[in-house]
Amino acid sequence: MKRGIFFISLILFNFCFSKVKDKIYVVTTTQDLAHFVSVIAEDKAEVITLSYGWQNPHNVELRPSMVANIRKADLIVRIGMDLDSWVDNLIFTSGNKKVFYGEVGNLDVSLRIKKLEVPQSKIDASMGEIHIFGNPHYWLSPENAKIILEDITERLAILMPDFKSYFETNKNRYLKLLEEKVYIWKEKIAKINNKKVVSYHKSFAYFCDFFGLKEIATLEPKPSVPPSPKYIKYLIEKLKDEKPTVILHENFYSTKYTDFVSKSVGVRYEVVALSVGGSKEIKDYITLIDTIIEAICKYEK
Ligand SMILES: [Zn+2]
């Protein structure tokens, strides 16, 4: 009898163990990260995102199901730099120690990013919703996407060492594809004479830095602060003077001010997504960057 129970336990153990080994449960804070994990892990991970690409990443509404997902997670992948700090409490509430900060199951992909706009002075409320660790919208630079993919590959290989070369192969395949696209994107951007762009929020700092574009203004006077009539007046004068190629308008903000400024200055605006899942068509990172490049270069021959 005892022997029978032992064998049942062994079978159960093997079943559970092999289940853990063959597939892990990954939770990401954004849809871009879920996409990147899927690219590397393919069927070796079940991936759940806590927020969606069509949402404003600064204002993510928390749901009880998020805690339930984190409780099951073997790995959490996050943007960091304060953008998804809302997940900290959820992790704590879940009680899942595997994914606590500092554990192998907690991956912050911002750590190796060369950060832009890190505040140099003391921060106070007058500066708007400033990100204290710098501008967190770094995933829009393909150079940073490469870092994210490398970090995810490395962490998955630690958690599932048997599949290390599988993950490496997937990463290398994707990076090759990305590299080919970067070449095409850069060629398109190079053809534009006027490299000046404007956006609603300061979302394109890394994108502009990577592609050699010049971000000359934002519709928001300060991060997450809507423009005042006085600021709009100032902006219209400035843009009449400097004539940007385009105003990039992030698709989760109202177009009210952008529309007005665009008409007043005589510069077109284009509504763009900031993340994978930002619209129905944007199912992957390459399509995401494609659509932004397309919006900028639309009228270039
Ligand atoms: Zn922001």
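Two residues are taken to be in contact if their C-beta atoms, placed from the backbone, lie within 7 Å. On this basis, among contacts in the protein chain between residues at least 6 apart in sequence, 60% join residues at least 24 apart. The model is a predicted one. The chain contains ten helices and eight strands, and its C-alpha trace spans about 85 × 40 × 35 Å along the principal axes. Of its 301 residues, 40% count as buried.

The domain assignment of the chain gives domain 1 (19-110 + 117-178) and domain 2 (193-297). Between the C-alpha centres of domain 1 and domain 2 the separation is 26 Å. The contact takes 27 residues from domain 1 and 24 residues from domain 2. On the side of domain 1 that touches domain 2, the elements giving two or more residues are H2, H5 and H6. H5 supplies the largest share of that side, namely four residues. Classified by residue type, the side of domain 1 that touches domain 2 has ten nonpolar, 13 polar and four charged residues.

Two of these elements, H5 and H6, also pack against each other. The axes of helix H5 (residues 142-159) and helix H6 (residues 164-190) come within 9 Å and cross at roughly 175°. Angles over 145 degrees count as roughly antiparallel, and H5 and H6 are therefore roughly antiparallel to each other. From H5, the contact is made by Pro-142, Ala-145, Lys-146, Leu-149, Glu-150, Thr-153, Leu-156 and Ala-157. The residues of H6 that take part are Lys-164, Phe-167, Glu-168, Lys-171, Tyr-174, Leu-175, Leu-178 and Val-182. By class, the contact of H5 with H6 comprises ten nonpolar, one polar and five charged residues.

In soluble globular proteins, nonpolar side chains tend to be buried together. The largest nonpolar core of the model has 73 residues, of which Val-37, Ile-40, Leu-75, Ile-76 and Val-77 touch the most other members. Helix H2 (residues 31-41) contributes the largest share of this core, seven residues. Both domains take part, with at least three residues of the core drawn from each of domain 1 (19-110 + 117-178) and domain 2 (193-297). Leaving aside neighbours within four places in sequence, Ile-40 is in contact with Leu-149, Ile-152, Thr-153, Leu-156, Phe-167, Asn-170 and Lys-171. Among these partners of Ile-40, Leu-149, Thr-153 and Leu-156 of H5 and Phe-167 and Lys-171 of H6 also belong to the contact between H5 and H6.

Helix H2 also contains His-35. A residue is counted as buried if 20 or more other C-beta atoms lie within 10 Å of its own; with 21 C-beta neighbours inside that distance, His-35 therefore counts as buried. Apart from residues up to four places away in sequence, His-35 touches Val-276, Asp-284 and Tyr-285. The C-alpha atoms of His-35 and Tyr-25, ten residues apart along the chain, are separated by 14 Å.

Glu-103 is placed in the loop between helix H4 (86-94) and strand S4 (106-108). With 14 other C-beta atoms within 10 Å, Glu-103 is partly exposed. When residues up to four places away in sequence are not counted, Glu-103 touches Lys-97 and Lys-98. A distance of 9.3 Å separates the C-alpha atoms of Glu-103 and Leu-75, which are 28 residues apart along the chain. Leu-75 is one of the core residues that touch the most other members.

Most residues other than glycine have a negative phi. Asp-82, although not a glycine, has a positive phi of about 80°. Asp-82 is found in the loop between strand S3 (75-78) and H4, where it is partly exposed, with 16 other C-beta atoms within 10 Å. Phi of Lys-243, likewise a residue other than glycine, is also positive, with a value near 35°. Lys-243 lies in the loop between helix H8 (229-242) and strand S7 (246-250). The count of other C-beta atoms within 10 Å of Lys-243 is 12, and this residue is exposed, since 12 or fewer such atoms define that class.

Technical notes: Residues numbered from 1 in each chain as written. Predicted model: local features only at pLDDT ≥ 70, side-chain atom pairs only at ≥ 80, totals over all residues. Axes fitted to C-alpha atoms, helices over the stretch in contact; angles between N-to-C directions. Parallel < 35°, antiparallel > 145°, perpendicular 65-115°, else oblique. Nonpolar A, V, L, I, M, F, W, Y, C, P; charged D, E, K, R; others polar. Core = buried A, V, L, I, M, F, W, Y, C linked by C-beta atoms within 7 Å. Domains from an automatic or database assignment.
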